[in-house]
Structures are given as structure tokens and as C-alpha cells.
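Colleague: I'd like to learn how to read the strands, helices and chain contact in a model like this one. Could we walk through it together?

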Amino acid sequence: MRSASVVAIGLALGVGLVITVTAAASGVKTAQGQVLHSLYGVGTDITVTKAATPGGGGPFRFGAAPPTGSEAGQAFSRDRLTSTGGLTTIPGTDVTAISNLRDVAGATGALTLNSIHVTGTFSGGFGASSSGSSSTPFSISTFTVDGVNADDPGLGPLSASNITSGTSLVREWFERVAKGSSSTDSPLALVSSSYAKQDSLKAGSTVTIAGSTVKVLGVISLTQGAAAADIYVPLSEAQKLTGYTAKVNTIYVTADSSSDISKVQTEIQHLMPKATITTAQDLANQVSGSLSTAATLANSLGLWLAVAVLLAAFVLAALLTTAAVNRRVREFGTLKAMGWHSRRIVGQVLGESVVQGLVGGALGVALGVLGAFLVTRIAPTLKATVGATPFGAGGFGRGTGGFGGGSGSARRSFARTFASAGHSVTVHLTAPLSLEILALAVALAIAGGLIAGILGGWRAARLRPAEALRRVE
Amino acid sequence: MYELKNVSRVYPKGRGKVTALKGVNLVIRDGEFLTVQGPTGHGKTTLLLLLGALEKPTSGSVVFDGQDLGALPESRLVDVRARNFGFVFQNYNLMPTLTAAENVEAALVPLRISTAERRSRSLAALDDVGLADRAGHFPSELSGGEQQRVAIARALVKEPKVILADEPTGNLDEVTRAEIVALMVKLWREHGMSMVVVTHDTQVARQAPRTALINKGALTLRNNVRKAVQTQPSPGAASEVGEG
């Protein structure tokens, strides 16, 4: 009885650990999904961008010519709306071509832009002055602008799953933009809550983008860490302001099913060989931070630990069962002397082992559930950061960096044009259980019992009753 | 019932071998009570194992009811044991996790009779040995004598043709020993089966009309006429003597 208890407990420990680690790994995957969801948005499987040719754009210009003598001392203000993160434009016809691909459920184009506003005062001019001073006092502010296609409200940065507050406002915006109507001549914009707070904007306010005045329909909140813009305008307006007629710089694509993503990726690559095609998996590979560390731990160390413990439990069960059979030699010899066939005795041993497995499985499930509960209760909040997007590469590039320009303080990162730091999302790790995990655990325990029983039964079957009965205990 | 002709049993031991029995000739008739005596390690238990089809002779033949036990495959021997032989061991060999009644029932499992009949017969067998009121007790809750009674009930419950007992009183005190021997003799009389009892105890040995004496693997027979229990019918004076 004691050895049976030890076998059951050993199996329970192994099974409990497998359940806990599997649940934790599942929780990490869920957390990763949350991260990807917040960064990527449900409904978007693939994004397509195209990197600008390095050096092809010429030097960055504010559009301000060096001052002549008459302009010295005059204030200036310049706005420039450019494609973000080193992305170049993509013809709108490519969006149509992608949406016509097999296995593509939908595709929509957008413009992700940086608006740079420079104000200052001309002094002696840029470059060296007669006194040797080269500084022209100016200040820079930036904000991000997304030009969103109002014909596809379910896809892209303003899809419903990205909005945490202002869903009806977004819906209204889509309807009004699609109808092409507005109460004033100014195009309509939506503003993120963080930017609205910063610049004291609200419904009815106006903002200037590249010299054009845009009216704010309302303020919305987006999921934490989403690659959110500060301002959302209709795609047509963004194209007009940038001069990118019938062009986009980001295409959002949805596949028919998750199993088609890889196929669609290949098809798009074939269609657009120079494009950068990013899937959720690619994004997942960029995720760093404590969540990434937890994922590595759960997937590698945790999994191998669970497998090792389970194997140890199986071996222990087999050894103990065989040892128990050895101790019960006289008992089995007596049964054979009474006319019991070997197969009946083997069946007895197997039956006992399966019961041990069931008991071990039940205990293991209890232990595993407790373990998963403890993981959910005491696990720290994890942080995930999407890796930096270097200049010239496509993909997600919004973030904050630091660049101090001129005498003023930069409110928005001028560095977004060149490089961006990662987006961070915090998630609470859970360890969700599923019926499949529990059923697998019970199956493992029964398998362990069966293996032990088969080995023990084989030993019992080989017993010669005469030998067994001669043995002195 | 039994006819042993020139039976030898040799065991390999390391590089050599051990001859446990050599050239044994023996006839045991239906209903006969035979005891077997001899020094330890001289072949008594080996003889019992051969009679119980738990061993096969190295040479010679062991014929039981016209069947050469040495020639039968194990699968047939299992059935022969199940129907014909009841064993009683020195250490009782009860299953510790089964009650007294369940231990007795275990002997009936190979006979494939119904659960109800098994239970009924096991209770009757326990009643025969005076333990009907202990049917639900585990071996650990029984004294040595009571455990041996359960073992005897287990041997008897299938109504075997032969009871084979290996030192059934070896672990018992003198008083209990006498009780068990008396019980076994009583049951032998009542049921009429053959009984072969291996024993060191001369008092026990002389309870039988004949004693087989084994010395260094060779068997001789001794008649215990004066103190023997008379069987019904008498076994007669016929006996085979064999020496190695």
C-alpha cells in the first residue's frame, strides 16, 4: 500500500507540474496575443510597407530658403508632412491587387505620417554668421498623423478592436467621411486622448496640418501601446496634404484564415518583391522585455522541466511497481498454485497500476489547478516591448525617442523620422486552464500507470510458482 | 491417483547441479493420507511441488489420474491445479489486502463460477474450519492459527482431489499445532480427498498410516500402523519403496 501511495504521489507531482507549466505557457501565449493585439489590432494579419531608398530623398528640407538680408530678424513658421519611419509610397493599385489575391479577405491602404512644425526667427542666416555664430533660434514640434480609408472601417488603425473609448465617435466619423459631408468646409479629424490632453484639444477644436486647418470631430482613446497616431484624418485629405495622390505607404491585409497567412505573405512578396511584409509572427519575434523572457522560460526551461519531471515520475512508477511485484512474489506464486493463469495475474497488476494512475491523475489535476491559481495570483506584471525599427526599414516605427533641437524643447520626437524606440505594453500573466490540458494530464497519468503495470505484469508473468513459493521472506 | 516412476529432479546451481530427488517410486491411492518427513533440504518440498504440478521432473514420470504431468503444457497444468489440488503453506500465504472470505474465494476464481456461488461456498468452507464469524477480517486481524484455518478453508473450498500441505504447523505453537492437525484429519475424513503433508513433526507424521521418508533425495516408506488414523476404506498395505 505504501509503494502504491508513493507511485500515485509521484505521478501526481509529474502531472501537476505539467498542468501548471502548460497553463503558464498558455498564459504567456495569451499575453503575447494581447500585446500583438494592442500593437497590431485584430483583423490585421499582415502589413505591407516599402522602405525608402537610402539617400534617394535628398537632404531634409524645411522648405525655408536661407534668409537674405531683408529677412533677418523675421519670424518664420514651416510645416512639413512626411511619410513616417523611412517608408516610401505605394501605388493605390497595389492595394487593389492585394485585395484580389486568393486567400485575402480584405486589404486597405493608409498613410502614416509625421508632421513637423518649425518656428523660429531668422538671424544672420543659417550657417556661419559674420561673428562666427551659426545658431538660428527655432523650435520644433511634431505630431503623427494617420490618413485612414473610410471605406474599410473594419481594417486598419481605427478598427473597433483598437478603440477603448469613443467607438461611436469613430463610427460617426467613418459615416460622415464616407458620405463626404461635414458641417464646415474643414475636413474632419479624430484626435487621440493623449495628444488632446497635451494640446488642450476637444471636439470642435481645430488643428493645422501642413498649413491646412482641420476640424476635430472628437477625442478617442486607443488600446495601450497601440501604434496610435495623434490625429486621424481621411486618407484623401492626407493624400492631398502630402501630394501623394492615389498613394499609400502602409497596406493592412486580412487573410481568409490564420492558416493562410503564410501563403498570403508569399503571394504578396511575389506581387511586390521590394515590399516589407510583416506578419504577427514577425512582430512577435521583435517582442522583448520581461514578457519575452517569460515566454522563453515557459517554452524552453519550463517545458523541459515538466517533461523531465514527468519522465522521472514514469520511471519511479515503473520501478516501484516492479519492486512491488518482486515483494509480492509469494502472493503471485500462491495464485498460480491455485490455478490462476498468468494473464489473469498480469491483468490484476495492470488494473492496480491503472487505478494508481487514476488516483495520481486526480491528485495531479488538483495540484495543477492549485499551481495555475498561484501563478495567476502571484505572477508579476510583465512588460513587452516591440523592438526598434531602424531607418530605412518598414513596419512599425512609432515611438518616442529623444532629440533636442534648437533652443526649444521638442515635444514630439524628431527622431521618429530616423529611428524609434520600442512600444511597451504591460500585461498581467495568467495561467488559464482548459479541458484539453486537464484531459491530457489525466491521460498522461493513466499512461504512466499503464507503463508501470505492463512492466510489473511482465515480471509477474515470468514468475515460476515453485521458485516463488520456495522464497523465504 | 498418483504414480511416480523413477522420478528425479535436478537443479542447476552455479556451474554445478543439485539433485533434489533421485529415482523416486511412489503410489498414492485415492483418499490416502500420507506424510512426508526428512531433514531440511533433502527434497520434501520438491516432492510436494512435483505432486502439485508446480515442478516437472528432470527424468521419470509423475502420473496423476492417468495424465503424465511432466508432459502437459503449462496452460493445461494450470487447469489441473485449479480443479484438483489444494495447497496449504507453512507461511499461510494469504493475500494481505483481502478478507478471509475473499482469500477463500480466490481459489474459486479460476473455476469461473458465479460470484454468488463463490461467496456461498467460501462462507461454508470457513464454517467448516470454525471461522464463519471472521469472514470479514483481514489476515492481519487474525492469529496464526486462524490464518492457517483460512488457508485450509481456501484449499478445501474447491473440493480438490488432493490436499498438499507444506509444514502447515511449522509456524504455530504446540497447542495450535495440535488443533490444526486435528482439524486437517477431521476434514480429510469428512471430505475423503487424498492428503499429503510435509512435516518435521514426528507427532504429526505418525497421524498418517504411511510416512514417506526422504533422505538426500531418496525415498523410503514407513508404515505407521499402530498410531495411524484409520481411513475409510483402509489404504491397505501396498507400498512401493524406492531408493536412489
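Colleague: How are the residues and chains labelled, and what kind of model is it?

Modeller: It's a predicted model, where local features need pLDDT of at least 70, side-chain atom pairs count only at pLDDT 80 or more, and totals for chains, interfaces and linings use all residues. Residues are numbered from 1 along each chain as its sequence is written, while chains are lettered from A and ligands numbered from 1 in the order in which they are written.

Colleague: Which way do strand S5 of chain A and S10(A) run, and how many bridges join them?

Modeller: Strand S5 (residues 138-148) of chain A runs parallel to strand S10 (residues 231-234) of chain A, with 4 bridges. There, Tyr232(A) in S10(A) has Asp146(A) opposite.

Colleague: What's the strand order in the open sheet of chain B?

Modeller: The order is S2-S1-S4-S5 in chain B, 4 strands with antiparallel pairing. Strand S2 (16-28) and strand S5 (67-68) of chain B are the edges, each pairing on one side only. Strand S4 (residues 59-64) of chain B pairs with S5(B) over 2 bridges, and Phe64(B) is the bridge partner of Gln67(B) in S5(B).

Colleague: And how do I read two packed helices?

Modeller: Two packed helices are described by the angle between their axes and the distance between the axes. Axes are lines fitted to C-alpha atoms, for helices over the stretch in contact, and angles run from 0 to 180 degrees between N-to-C directions. Here helix H10 (residues 342-378) and helix H11 (residues 435-461) of chain A pack at about 150°, axes 7 Å apart. H10(A) and H11(A) are therefore roughly antiparallel (angles over 145 degrees count as that).

Colleague: Which residues of chain A meet chain B?

Modeller: The contact (C-beta atoms, placed from the backbone, within 7 Å) takes 13 residues from chain A and 17 residues from chain B. On the chain A side, helix H9 (329-337) and helix H12 (465-470) each supply at least two residues, and H9(A) gives the largest share, 5 residues.

How values were computed
Contact = placed C-beta atoms within 7 Å. Parallel < 35°, antiparallel > 145°, perpendicular 65-115°, else oblique. Pairing = 2+ DSSP bridges.
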